[in-house]
Amino acid sequence: GKELGSVEKTTESLVKLINVFEGPGKTSEQTVLRYGNALIDLANKGVATGDFLVDFAQRLAGIEGITKIQIQSVLGLAAAFQETGQSAEVSASAVTQLLTKIGKDVPKYAALAKINEEIFRKLLRENPAEALLSLAQNLKGNSKAFDEISSKFADLEARGVRITSIFGVMADKTDFFREKIGIATAALKNNGALIEGAAQKQQTF
């Protein structure tokens with residue numbers, strides 16, 4: 001979208017994301033177009049903006065190596081957070097801390113979420129965003145378990161990382177988050193929105 005600025009700046013941002021989420025040397029015109037398509041599709045199907053999506057993704061790039069979180073999850077989470085009124089900085093920081101902490105104590109979080117430990121461990125390894133959403137969903141309405149998780153993040157909350165409120169948004173709107181991840185997943189498989197946008201405006205960005 002136009003909010004991303006120049007084509008050069010946008011391409012540069014996308015190339016950086018591709019290097020992280022696809023791996024060095026995986027940059028191609030096709031991949032750049034697929035990433036661009038995902039940004040445009042998420043923007044077209046809601047109120048997400050390209051600059052927010054890129055900002056959030058760049059903030060989560062640091063944990064890709066540890067968590068193996070996938071780009072479709074990152075962009076979907078970003079769109080959902082923006083559309084629920086969260087800032088990129090606060091939401092990305094909370095997701096980073098949540099995934100890092102959960103990864104260090106899988107049995108405890110699996111028990112709190114009432115999910116079989118092996119299933120939860122596998123989910124965390126293969127689809128970290130879905131593990132987080134499943135945890136949030138299973139804790140919704142369980143104030144005792146929610147309070148217990150909140151207490152584990154008291155030190156971070158004291159430093160201004162709003163874990164509890166971000167986790168609460170995810171618990172409250174789990175299906176909305178999944179819907180946005182679904183849009184990103186589909187959009188990354190083609191570049192239809194990009195071509196359609198170009199045809200309408202005679203420009204892609």
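How many aromatic pairs does a search of the whole structure find? The search finds 3, where rings of Phe, Tyr and Trp (its six-membered ring) count as a pair if their centres lie within 6.5 Å. Before we visit some of them, a word on what you are looking at. This is a predicted model, in which local features need pLDDT of at least 70 and side-chain atom pairs count only at pLDDT 80 or more, while totals for chains, interfaces and linings use all residues. Residues are numbered from 1 along each chain as its sequence is written, and side-chain values use heavy atoms, with hydrogens and water left out.

Let us start with the aromatic rings. Phe56 and Phe81 form a tilted pair, 5.8 Å from centre to centre with 40° between the planes; planes under 30 degrees apart would count as stacked, over 60 as edge-to-face, and the rest as tilted. This pair links distant parts of the chain, since Phe56 is in helix H3 (residues 50–60) and Phe81 is in helix H5 (residues 71–83), 25 residues apart. Helices here are DSSP runs of H or I with at least four residues, numbered from the N terminus. Both Phe56 and Phe81 are buried, a word used for under 20% relative accessible area, with exposed meaning over 50% and partly exposed in between (1.4 Å probe, protein chains only).

Phe81 also has another ring partner. The centres of Phe81 and Phe177 are 4.9 Å apart and their planes stand at 75°, so this pair is edge-to-face. Because Phe81 lies in helix H5 and Phe177 in helix H13, the pair ties together parts that are 96 residues apart in sequence. Phe177 is buried, as is Phe81. Put together, Phe56, Phe81 and Phe177 make up one aromatic cluster.

While we are at helix H13, have a look at Thr174, which is found in this helix (residues 174–187). Is Thr174 buried or exposed? With 4% relative accessibility, Thr174 counts as buried. Leaving aside neighbours within four places in sequence, Thr174 is in contact (heavy atoms within 4.5 Å) with Leu133 and Gln137.

Now for pairs of charges. Side chains of opposite charge can pair when their charged atoms come close. A search of the whole structure finds 11 salt bridges, each a side-chain nitrogen of Lys or Arg within 4 Å of a carboxyl oxygen of Asp or Glu. In one of them, Glu12 meets Lys16 at 3.6 Å, N to O. These two residues lie in helix H1 (residues 7–21), 4 residues apart, about one turn of the helix. Glu12 is partly exposed at 48% relative accessibility, and Lys16 is partly exposed at 46%.

Asp41 and Lys45 also meet in a salt bridge, at 3.2 Å, N to O. Here Asp41 counts as buried, at 12% relative accessibility.

Our last stop is helix H8 (residues 117–126), where Arg121 and Glu117 are 4 residues apart and so separated by about one helical turn. Their salt bridge brings the closest N and O atoms to 2.7 Å apart. Arg121 is partly exposed at 30%, and Glu117 is partly exposed at 32%. Through salt bridges that share partners, Glu117, Glu118 and Arg121 are joined into one network.
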